Amino acid sequence: LARSTISSCIATKHGGGLYSAGGRTTLSDGTLISGCLAQEGRSVFLLAGEVSYTLPAPAGRWLPNARCEVYREACSYPSWDAKQAACLEHREDCALNLVENLVDPWYCQAPTF
């Protein structure tokens with residue numbers, strides 16, 4: 001499937017968006033599976049076979065077997081300000097969370113995307 005959207009699908013048991021019982025399925029070029037429901041495997045259920053994804057993924061999306069990080073503005077408080085040390089201390093926490101205010105309003109800087 002290339003440049004396709006599978007959405008709002010409902011399966012009574014397995015694989016709300018895609019059910020694979022064998023063979024090979026390739027998703028590519030921004031194909032998106034979203035908003036699907038099933039008891040097991042809301043988006044994809046792989047009983048047997050192979051499902052692969054050829055990048056690029058849809059804009060603003062990521063694949064679950066990869067690390068997704070949020071790139072943020074640099075910590076730009078004066079070196080003497082306690083906020084600078086706290087901002088630097090929480091850089092990794094903020095990179096793994098899309099929410100701008102992870103702990104207090106000033107820990108995470110604005111996303112750069």
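How many salt bridges does the structure hold? The structure holds two. Bear in mind that this is a predicted model.

1. **Arg3 and Asp29.** Side chains of opposite charge can pair when their charged atoms come close. Now look at where the partners sit. Asp29 is in the loop between β2 and β3, and Arg3 is in the segment before β1 (5-7), so the bridge ties together parts that are 26 residues apart in sequence.

2. **Exposure of that pair.** Arg3 counts as exposed, at 66% relative accessibility. Asp29 counts as partly exposed, at 35%. The cut-off for exposed is over 50%.

3. **Arg24 and Glu50.** Another salt bridge links Arg24 with Glu50. Here the closest N and O atoms are 3.6 Å apart. Arg24 belongs to strand β2 and Glu50 to strand β4, so this pair also ties together parts that are 26 residues apart in sequence. Arg24 is exposed, at 66% relative accessibility. Glu50 is partly exposed, at 37%.

4. **The aromatic pair.** A pair of aromatic rings is described by the distance of the centres and the angle of the planes. The count here comes to one aromatic pair. Its members are Tyr19 and Phe45. The ring centres are 5.6 Å apart, with 10° between the planes. Planes under 30 degrees apart count as stacked, so this pair is stacked.

5. Tyr19 lies in strand β2 (residues 18-28) and Phe45 in strand β4 (residues 44-54). The pair therefore ties together parts that are 26 residues apart in sequence. Find β2 and β4 in the model and check both links: Tyr19 with Phe45, and Arg24 with Glu50.

6. **Buried or exposed?** Phe45 is buried, with a relative accessible area of 14%. Tyr19 is partly exposed, at 42%. The cut-off for buried is under 20%.

7. **Ser34.** Which residues does Ser34 touch, leaving out those up to four places away in sequence? They are Ile6, Ser7 and Ser8. Ser34 itself is found in strand β3 (residues 32-34). Take Ser7 as one of the contacts. Ser34 and Ser7 are 27 residues apart in sequence. In space, their C-alpha atoms are 5.0 Å apart. Ser34 is partly exposed, with a relative accessible area of 22%.

Terms used:
Residues are numbered from 1 along each chain as its sequence is written. This is a predicted model: local features need pLDDT of at least 70, side-chain atom pairs count only at pLDDT 80 or more; totals for chains, interfaces and linings use all residues. Side-chain values use heavy atoms; hydrogens and water are left out. Rings of Phe, Tyr and Trp (its six-membered ring) pair if their centres lie within 6.5 Å; planes under 30 degrees apart count as stacked, over 60 as edge-to-face and the rest as tilted. Helices (H or I, at least four residues) and strands (E, at least two) are DSSP runs, numbered from the N terminus. Buried means under 20% relative accessible area, exposed over 50%, partly exposed in between (1.4 Å probe, protein chains only). Contact means heavy atoms within 4.5 Å. A salt bridge is a side-chain nitrogen of Lys or Arg within 4 Å of a carboxyl oxygen of Asp or Glu.
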